[in-house]
Amino acid sequence: MPLISSSFCEEIINSLSIEILISGYQRAGTEWSKSRFIPPHYSKLYFILGGDAFIYYNGIRHELRAGNVYLIPTDLVYDNGCESCIDFLYFNIRLTNKSGYDFLASYTEMLECEYSTDKTRELISEYTSDDLSKVLYLKAELLNIVLKLLATAPQVHLTNKIYSQSVSRALEYIHSNLSIRLSIDEICQNIYTARSTLNKRFHNEVGTSIGTYIDTEILTRCEQLLVDTDIPISQISERFGFCDQFYFSRKFKSKYGQTPQKYRRDMR
């Protein structure tokens, strides 16, 4: 029997990554309410155990019901809130290939399916465990849940964007060395590509300049750390290589319209 192989299958399996940016189990009150005017650039999984929370977008209020899981895709602009409380497990995720292409970027609606509260409590047990096998099970289950959610929107198909070798390597280097101090020259030196060549290919394939892409990635991660963690602003600034908080504040305000301090207060 002749050998049958699939280079496409190997490529996807070897490059696919479900990245958890921030996660947690939380019981919150009305302080959970937030309004957004730009997309977060990462997706959210909400496993609802109880409460009366909702998501609001495109003029419609969507209730978050206990016993369901919800996927809010990467580029959806929405508000969230609750009348009294919310009890949930959440994961801020990206489903990407090695180049950082987000498979969930093409979805424009929140997706939902049933996921019992008993199963969610099992996930919380896996999530809080120090057992490697349980954590690996959790990763596999998250991917399985995402696929089930995507199946509820058959009109939208997953696509895998293929970049040229130089752009792919540049994206990998950026994601591995994300810092406001990262320069185009440093990237070119490490991937052995001429600056003019990389600039042209990057803009044509990614749709933006290298500098803008780096700034967007950094400020997106800073935004979620401000909203979803209690990490001091000074540490967030240092994590991404800002020389001082004033420079960080100026860059952040240019994208979000507010200083990091005010943004954190208003969004929490």
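Biologist: Leaving aside its neighbours within four places in sequence, which residues is S166 in contact with?

Modeller: Please note that this is a predicted model. S166 belongs to helix α4, residues 165-176. Neighbours within four places in sequence are set aside, and the contacts of S166 that remain are I191, T193, L198 and R201.

Biologist: Is S166 buried or exposed?

Modeller: The relative accessibility of S166 is 7%. A residue counts as buried under 20%. S166 is therefore classed as buried.

Biologist: With which side chain does the side chain of S166 make a polar contact?

Modeller: R201 is among the residues in contact with S166. A polar contact requires a pair of N or O atoms within 3.5 Å. At 3.2 Å, the partner of the S166 side chain is the side chain of R201.

Biologist: Which residues does Y46 contact, leaving aside its neighbours within four places in sequence?

Modeller: Y46 is one of the residues with the most contacts inside the largest nonpolar core. In soluble globular proteins, nonpolar side chains tend to be buried together. With neighbours within four places set aside, the contacts of Y46 are W32, I55, L64, N68, V69, Y70, I72, Y78, F88, L89 and Y90.

Biologist: What is the volume of the largest cavity?

Modeller: The count of cavities of 30 Å³ or more comes to one. The lining of the largest cavity consists of S35, R36, F37, I38, P39, P40, E223, Y256, Y263 and M267. By class, seven of these lining residues are nonpolar, one is polar and two are charged. The volume of the largest cavity is about 60 Å³.

Biologist: Which residues of the lining lie nearest the centre of the largest pocket?

Modeller: The largest pocket has a volume of about 390 Å³. Its lining divides into six nonpolar, six polar and five charged residues, and α7 gives the most to that lining, with four residues. Of the 17 lining residues, those nearest the centre are G100, D102, A105, Y213 and E217.

Biologist: In which loop is N58 found, and is N58 buried or exposed?

Modeller: N58 is not a glycine, although its phi is positive at about 50°. The loop that holds N58 lies between β2 (43-57) and β3 (60-63). Because its relative accessibility is 61%, N58 counts as exposed.

Biologist: What is the relative accessible area of Y192?

Modeller: Y192 is a residue other than glycine with a positive phi, near 55°. Y192 sits in the loop between α5 (184-191) and α6 (195-206). Y192 is exposed, with a relative accessible area of 73%.

Biologist: How far apart in space are G67 and T117, C-alpha to C-alpha?

Modeller: G67 is placed in the loop between β3 and β4 (68-72), and its relative accessibility of 16% makes it buried. Beyond four places in sequence, G67 touches I48, E114, Y115, S116 and T117. G67 and T117 are 50 residues apart in sequence, while their C-alpha separation is 4.9 Å.

Biologist: Which residue has its backbone nitrogen 3.1 Å from a polar atom of the side chain of S179?

Modeller: S179 lies in the loop between α4 and α5 and counts as buried at 17% relative accessibility. Setting aside neighbours within four places in sequence, S179 is in contact with I214, I218, F240 and G241. The backbone nitrogen 3.1 Å from a polar atom of the S179 side chain belongs to R181.

Biologist: What distance separates the C-alpha atoms of I124 and S179?

Modeller: I124 lies in helix α2, residues 117-127, and is buried with a relative accessible area of 14%. Not counting residues up to four places away in sequence, I124 touches Y25, L49 and L89. I124 and S179 are 55 residues apart along the chain, and their C-alpha atoms are separated by 33 Å.

Notes. Residues numbered from 1 in each chain as written. Predicted model: local features only at pLDDT ≥ 70, side-chain atom pairs only at ≥ 80, totals over all residues. Heavy atoms only, no water. Helix = DSSP H or I, 4+ residues; strand = E, 2+ residues; numbered from the N terminus. Buried < 20%, exposed > 50% of the residue type's maximum accessible area, 1.4 Å probe, protein only. Polar contact = N/O pair within 3.5 Å; in protein donor to acceptor, adjacent residues only side chain to side chain. Contact = heavy atoms within 4.5 Å. Core = buried A, V, L, I, M, F, W, Y, C linked by side-chain atoms within 4.5 Å. 1 Å grid on protein atoms, 1.4 Å probe; cavity = no way out; pocket = protein on both sides within 12 Å on 5 of 7 lines; lining within 4 Å. Points joined across faces, edges and corners; volume = space filled by probe spheres on them. Nonpolar A, V, L, I, M, F, W, Y, C, P; charged D, E, K, R; others polar.
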